[in-house]
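Here are some notes to read with the model open beside you. Take them in any order you like.

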Amino acid sequence: MSQPKKILIVGGGFTGLTAALRLAADAQCAVTLVESSPQLGGLAAGFPLGGTSLEKTYHHLFLTDTSILNLVQELGLAEKLIWCDSSVGIFRNGRVHAFKTPLDLLRFSPCSFVGRLRTGLAALYLKHQKNWRGFASVTAHDWMTRACGASAMASIWTPLLKGKFDRHAQHVSMAWFWARIHIRANSRSGGGQEKLGYFRGGFNVITTALEQEIRRRGVTIQTSAAVTAINADRTAVINGETVAFDACLFTGPSPAMARLLPAQESLRDYARQLQSIEYLGAICLVFASDQPLGDFYWVNVNEPDAPFLVFINHTRLVDPSVYGGKYVYYIGAYLAPEGELYNLPDTALIERWLGYLKKMFPEFDARRLAEKHLFRFRAAQHIVDTRYAGKIPDYRTPLPGVFLANFSQIFPEDRGTNFAVKEGEKIAALIQQHLDPARPHPAALP
Ligand SMILES: Cc1cc2nc3c(=O)[nH]c(=O)nc-3n(C[C@H](O)[C@H](O)[C@H](O)COP(=O)(O)OP(=O)(O)OC[C@H]3O[C@@H](n4cnc5c(N)ncnc54)[C@H](O)[C@@H]3O)c2cc1C
């Protein structure tokens, strides 16, 4: 019998874990997964809070997230999944306005009445429009301004685009925006109510189940192990040690992949392509308190002076009893990692954010906080501008046996754990086909 093929997977987020699961099912593969941080889960990783696990960055699923929902079923986790009614508000002109139903939109007083009507029509059009390609080279800013007018842009859309894309807001492709509206509008149950999925025990239940299953299938997992180079001779450097592979999959950010490549003239253009994909960082402040704040799960903060994008009352989705009776909140922002706000010391940032919260909820009392945690991620969101479709890197890299699968390949949809699972499955099939060309190519698979 031939020796099993050595597969090195770099990254223990949902893409890497899913790829490991699929490749480990193949007796011909000996899989090693390395993760630079001390824990698995990547951007969806959890931390202990109130006797359970909570995501460092707010997470939920949509009804349309079929790849991860199938995986949840396969891992026997279906009974841990709960579907909750979503509730959305917008903070503008000094108060939170409900912003979930068509009637809420009609009542949204910060926008002119004509602007509200135009916004409703635009949303309806985007919901039913199935082809996004015509939107790819138009900016969301231009298309939405034409469709909805200046008042709707000022009170609804510009703050959202700025909150999500910071200084890149004006360049974001309408195709991305189309996907947000289209998927969201179609993630409703029969009654028209938007449902969001969450897990008893948090998303960590998936990470843990994946970890257990891939270990059971013989995968070697190394955490706190950084890959610092991937070479042309099918070797990689892990924590200073050179190891050989037959196939290697990198799942970290595209520019990080560029930094691992050998300094070869033939790889210059490829490295430039990877580096042309820009990312924003994200900061999330999570706090628990005995004080109830607001009636909504999700509040977009649309005031021009707002220092963050979103305020989330997680315990509007999941009962406070799960967290020892405490209310659990997130404040979140996407920021340029080299910018001033991203680099503020923790105490200064927390003071600024909690100070602003008092503007939103005058009754907010910081002395009632039971605990608080601040998390920073340097590469949390790629910038999907109007030239983005042409920048997307291939799964195959110019290095023999080396593959790339990360969320910068997801377009026009917004990245998410569902797409990470989908990518992980796709790339595993591609690697199997690479190792055994007699297998059908994944594109030919159903
Ligand atoms: C604020 C925020 C909110 C979100 N909300 C949702 C949501 O509600 N629902 C949802 O489904 N998704 C959500 N997402 C997106 C979701 O978390 C990601 O799309 C998904 O987790 C990406 O998984 P991944 O494996 O592709 O990448 P990552 O999770 O980034 O994993 C890549 C891993 O590779 C490791 N790595 C990188 N370089 C190296 C190296 N050289 N050596 C070793 N390891 C390395 C990293 O440490 C990381 O753990 C959110 C993300 C953010 C930031």
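1. Ground rules. This is a predicted model, where local features need pLDDT of at least 70 and side-chain atom pairs count only at pLDDT 80 or more, while totals for chains, interfaces and linings use all residues. Residues are numbered from 1 along each chain as its sequence is written.

2. The ligand. Have a look at what surrounds it: 36 residues do, and the closest are G11, G13, G42, G252 and G416. (A residue is near a molecule if its C-beta atom, placed from the backbone, lies within 6 Å of it.) At least two shell residues come from each of α1 (14-24), β15 (279-289), β19 (369-382) and α12 (417-435). Helices (H or I, at least four residues) and strands (E, at least two) are DSSP runs, numbered from the N terminus.

3. What the shell is made of. There are 16 nonpolar, 18 polar and 2 charged residues around the ligand. Here Ala, Val, Leu, Ile, Met, Phe, Trp, Tyr, Cys and Pro count as nonpolar, Asp, Glu, Lys and Arg as charged, and the others, Gly among them, as polar.

4. Helix α5. Within residues 140-148, the buried ones are A140, M144 and C148. They line one face of the helix, because down the axis of α5 they fall within an arc of 30°, taken from the directions from the helix axis to the C-beta atoms. D142 and R146 are exposed, on the face turned away from the buried side. (Buried means 20 or more other C-beta atoms within 10 Å of a residue's own, exposed 12 or fewer, partly exposed in between, with C-beta atoms placed from the backbone.) After α5 comes G149, with a positive phi near 90°.

5. Neighbours of α5. Its buried residues pack against α4 (113-128), α6 (150-165) and α7 (174-186); contact means C-beta atoms, placed from the backbone, within 7 Å.

6. α4 against α6. These two pack at an angle of about 75°, their axes 8 Å apart. That makes them roughly perpendicular, a label for angles of 65 to 115 degrees. Axes are lines fitted to C-alpha atoms over the stretch in contact, and angles run from 0 to 180 degrees between N-to-C directions. On the α4 side, G115, R118 and T119 meet S151, A152 and I156 of α6.

7. W176. Which helix holds W176? It sits in α7, and W176 is buried, with 25 other C-beta atoms within 10 Å. Beyond its neighbours within four places in sequence, W176 is in contact with A140, V384, P412 and D414.

Definitions and conventions
Two residues are in contact if their C-beta atoms, placed from the backbone, lie within 7 Å. Angles under 35 degrees count as roughly parallel, over 145 as roughly antiparallel, 65 to 115 as roughly perpendicular and the rest as oblique.
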